[in-house]
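Consider how the two parts of a chain are placed relative to each other, and what lies where they meet.

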Amino acid sequence: MPEGNELHRWAEMHNTAFGGKKVRVEGPNGRFEDAVLLDRKVLKRVTAVGKHLGYDFGPDRVLHVHMGLYGDFTEGTGKAPEMRGALRLRISTPNDWLELRGPTDCSVWTTEKWNALRERLGPDPLNGDDPKRAYERIAKRKTPIGLLLMDQEIFSGLGNIFRAELLFRARLSPFRAGNEVDAAKLKRIWKDSGKLMRDAMEDRRIVTTKPADRPHKKGPALNEEAHYVYRRQGRPCFICGTKVMTKVMGGRNLFWCPVCQAE
DNA sequence: GCCTTATGCTCAC
DNA sequence: TGAGCCTAAGGCT
């Protein structure tokens, strides 16, 4: 159940373990028969773009993985474990292995299709992209900013946790129209997203609260104080004490503080 | 054990 | 706008 931080961490790990090496590729549950196209070939490199992963095995041999809501990897060293359960994909060398379960997509793409995806996606805070195009798009739209932040063609890699937390940290209402969002504030949100996602990559955990704002100000954040508003509906805002609200926006649960993020 | 929920996206209507 | 995909974890019994 990943957002961009997790995808980029996977790309790094899988590059380290498998990049430039000849690998075994297997699709044991029968839902990835194209594994034979890649098996015993060299995996050149692994790239993360937004929430997508591309495993480059050469021209028209790009393994595309999208996790959807459920996908997850497990990795390990040494001999791969017994195949079991709904295992979609296994990549292995004699030294390392990974297993993939539950992705929305695991299929071999043409280079053209992969490039078209990259073209379609908006700037990714973790890829050093230029955010200018995203700013321009947002400034033209009357759509609420809470929806625009989730649109992968505007920014790529942000998901439901970052939507809620970035808006809170910017003290911006999710219902504010894109064209009414202050330009400087939008810039700060972009910078903030890069920082939060890089921290999350390192920590392997998304923590958005500042220590000074937490009930326990010392030490690492407890799970229940790692986020300002995400899944904290009905509980008091750490800043003002008002109950955190929730509502479905864009088919996903949105969380916000009606006072700190007044419309 | 069962039920609900979930960091996502696509397609049909 | 809503259903469908498909898996795991956590809360409940």
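The C-alpha centres of domain 1 and domain 2 are 30 Å apart in this predicted model. Domain 1 spans 4-120 of chain A and domain 2 spans 132-256, with bounds that come from an automatic or database domain assignment. Residues are numbered from 1 along each chain as its sequence is written, and chains are lettered from A and ligands numbered from 1 in the order in which they are written. Local features need pLDDT of at least 70, side-chain atom pairs count only at pLDDT 80 or more, and totals for chains, interfaces and linings use all residues, while side-chain values use heavy atoms, with hydrogens and water left out.

Where the domains meet, 11 residues of domain 1 contact 14 residues of domain 2 (heavy atoms within 4.5 Å). About 1,000 Å² is buried between the two domains, 50% of it on carbon and sulfur atoms; buried area is the accessible area, for a 1.4 Å probe, that two parts lose on being put together, summed over both.

Between the domains there is 1 salt bridge, a side-chain nitrogen of Lys or Arg within 4 Å of a carboxyl oxygen of Asp or Glu. A salt bridge joins the side chains of R120 and E153, at 3.4 Å from N to O.

On the side of domain 1 that touches domain 2, α1 (4-18) and α3 (111-120) each supply at least two residues; helices are DSSP runs (H or I, at least four residues), numbered from the N terminus. The largest share, 6 residues, comes from α1.
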